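Trainee: I'd like to learn how to read a model like this one. Can we go through it feature by feature?

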Amino acid sequence: MTNATQASAIDRTAAGSGLFAWMRWDYVLTVLVAVVVLAIWEYLPGLAGIPSFILPPASMVWKEFLRALVTERLVGHVIHTGLAVLTGFALGSLLGMVMGYTLGLSRRAEFILSPYILGLQIAPKVAFAPLFVMWLGYTIYPQILVAVLIVFFPVMVNVLVAVQTVDADLINLARSCSATRSEIFWKIQFPASMPPLFSGLRVASTLAVIGVTVGELVGGNTGLGYVLVYGEGQANTPLVFVAIVLLTLVGMVAYFAVIAAERRVLHYMPKPAAQGF
Amino acid sequence: MNGNAQVIGETPATACPQPERRRETRLEFRGVVKRFAGTGRQEPVTAVTNVSLKVGEGEVVSIIGPSGCGKSTLLNLSSGLDKPNEGEVLVDGSLVSGPNEHVAFMLQKDLLLPWRTIQQNVEFGLEIRGLSAKERRERSTDWLGRCHLTNFAHAYPRQLSGGMRQRAALARTLAMDPDVILLDEPFSALDAQTKMILQRDLAMTLVETKRTALFITHDLNEAVSMSDRVLVMSARPGTIIEEIVIDLPDRDKPFARRADPKANRYVARMMELLGLDRLDLLPV
Ligand SMILES: Nc1ncnc2c1ncn2[C@@H]1O[C@H](COP(=O)(O)OP(=O)(O)OP(=O)(O)O)[C@@H](O)[C@H]1O
Ligand SMILES: [Mg+2]
């Protein structure tokens, strides 16, 4: 980190209204892109002669959404999926953090456990979904479990590397003040691991949605994954699209929740050049 | 940098030179040898060998020497972060067996914690030592003032320039109120002007607060203008090959000292000892 770039980063706000005008233009363009994409989606299938059971136009998906909202009780499915995502994300992240800090602080624990953890990561966790359904039945638990398994790894790796790469001189500084191991952890290693932890959590938030969806696809009678399979069984392409869009929205809510938390916790970091991600 | 040339602290009424008398020894090395076990296929290295030195109360002693000769190793031994293989290191007459309250160090890196404000950073060591919040606040406020950082007490490190960050690191070190301050190339990452301002401020603070310091540097002018004595080390395995007593007035005014013709003679002598006068031998 060079000091020059750091110093210049402070007064980005001082750039004032010019910058703001530019930002507002960006928002306008973002919305414009959405409008264009929707327009293409609406009219291109018809113009290209693609039948609507293959690629339904946007308006048809919208109508199907309104219908399903009432007759398929979509809200309930969204809540179910959202709850599973939240639980899977929270438990998986917690487990990843606990493992990451443990392995990061103890070389021995890392040495002993790392082959198994690596094995678990390489194993296609999605393939466990049917097994979990067999064990736990048509409940929310297999879905949460798949999410936990997928979420766990990126969080753990980020935390592990962060703890291991803390500047040795910082730790020496604390040691020279006669800090105990727990003080070194709470005052240096833990806060130093926050930025990588949040990068891990961002990835984890999107992976949690994938985990839950797979769980719902394989077994269950609730959730957006189930709606997806149900729509497929009925050859109801618009309903499949509705489910995909809603799943994406659930993922985005999860992702931006992580970003919001990150902005609060890491307020001391320089603002990223590009806003929004 | 804001160019306020204001003197830190009160009026320099007692700035007259102390009478030359036997001072109490603060830091002492007795026949110290430090070896590092080689990792894997590497040979073990003897970083320093047979180092004996004394730093008296209120004295500033500089150490110069070629890169890798073990200067930073001496600093780690003084702070108790490392233990010698042979010989002993004493601070205030007692054997150094681990980190202790008597010494504090400052490095080329500022080691400021990015998630703490400048004031919280200055209070870091005090917090670990268990001082009350009120006491910490008082001390940190005092040192921030002396280091011209009062207006940045609540800023985060990223909002400060390199020179200001190094000032904050100095404030953190001095706030610990150590008997011996260890400085490892504290200004070598700064630009020439900032470096001179910080040298001046540090020199004044050291004299004013009568601090004892071991100062490691690569800058021969800095060594001459800041210290009472300079110890010259040989290449690895490092050992002290010469002690140069800097017989110049006004240790609190490094600029005045630098302008003294005698200073140049000291620098020339050091260059000779380090082999820097033989320009043809210098690595490009
Ligand atoms: N922890 C360590 N393990 C192994 N070798 C080390 C360790 N610390 C230092 N050394 C070796 O000891 C020697 C002296 O290192 P030291 O950092 O004290 O040098 P230095 O004089 O401070 O150099 P510089 O002027 O470049 O800062 C070097 O050869 C270095 O490789
Ligand atoms: Mg060094």
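Mentor: Pro237(B), for instance, lies in the loop between β9 (229–233) and β10 of chain B. Keep in mind that this is a predicted model, where local features need pLDDT of at least 70 and side-chain atom pairs count only at pLDDT 80 or more, while totals for chains, interfaces and linings use all residues. Residues are numbered from 1 along each chain as its sequence is written, chains are lettered from A in the order in which they are written, and side-chain values use heavy atoms, with hydrogens and water left out.

Trainee: What is the peptide bond from Arg236(B) to Pro237(B) like, cis or trans?

Mentor: That bond is cis, and its omega is near -5°.

Trainee: How many helices and strands does chain B have?

Mentor: Chain B has 9 helices and 10 strands. For how its chain folds back on itself, look at contacts, meaning heavy atoms within 4.5 Å. Among those in chain B between residues at least 6 apart in sequence, 70% join residues at least 24 apart.

Trainee: Is Asp250(B) buried, partly exposed or exposed?

Mentor: Buried means under 20% relative accessible area, exposed over 50%, and partly exposed in between (1.4 Å probe, protein chains only). Asp250(B) has 38% relative accessibility, so it counts as partly exposed.

Trainee: What about the cysteines?

Mentor: A disulfide is a pair of cysteine sulfur atoms within 2.5 Å. Searching the whole structure turns up 0 disulfides over all chains. Take Cys147(B): the closest cysteine sulfur, in Cys177(A), is 16 Å from its own, so the two are too far for a bond. Cys147(B) is buried because its relative accessibility is 6%, and Cys69(B), at 1%, counts as buried too.

Trainee: How much area do chain B and chain A bury between them?

Mentor: Buried area is the accessible area (1.4 Å probe) that two parts lose on being put together, summed over both. Here it comes to about 2,400 Å², with 63% of it on carbon and sulfur atoms. Trp115(B), Ile128(B) and Arg158(B) supply 32% of the area that chain B buries against chain A, more than any other three residues. The contact takes 23 residues from chain B and 24 residues from chain A.

Trainee: How many salt bridges cross the interface of chain B and chain A?

Mentor: The rule (a side-chain nitrogen of Lys or Arg within 4 Å of a carboxyl oxygen of Asp or Glu) finds 3 salt bridges there. One of them joins the side chains of Lys109(B) and Asp169(A), at 2.7 Å, N to O. As for elements, α3 (124–128) and α5 (162–175) of chain B each give two or more residues to the side that touches chain A. The largest share of that side, 4 residues, comes from α3(B).
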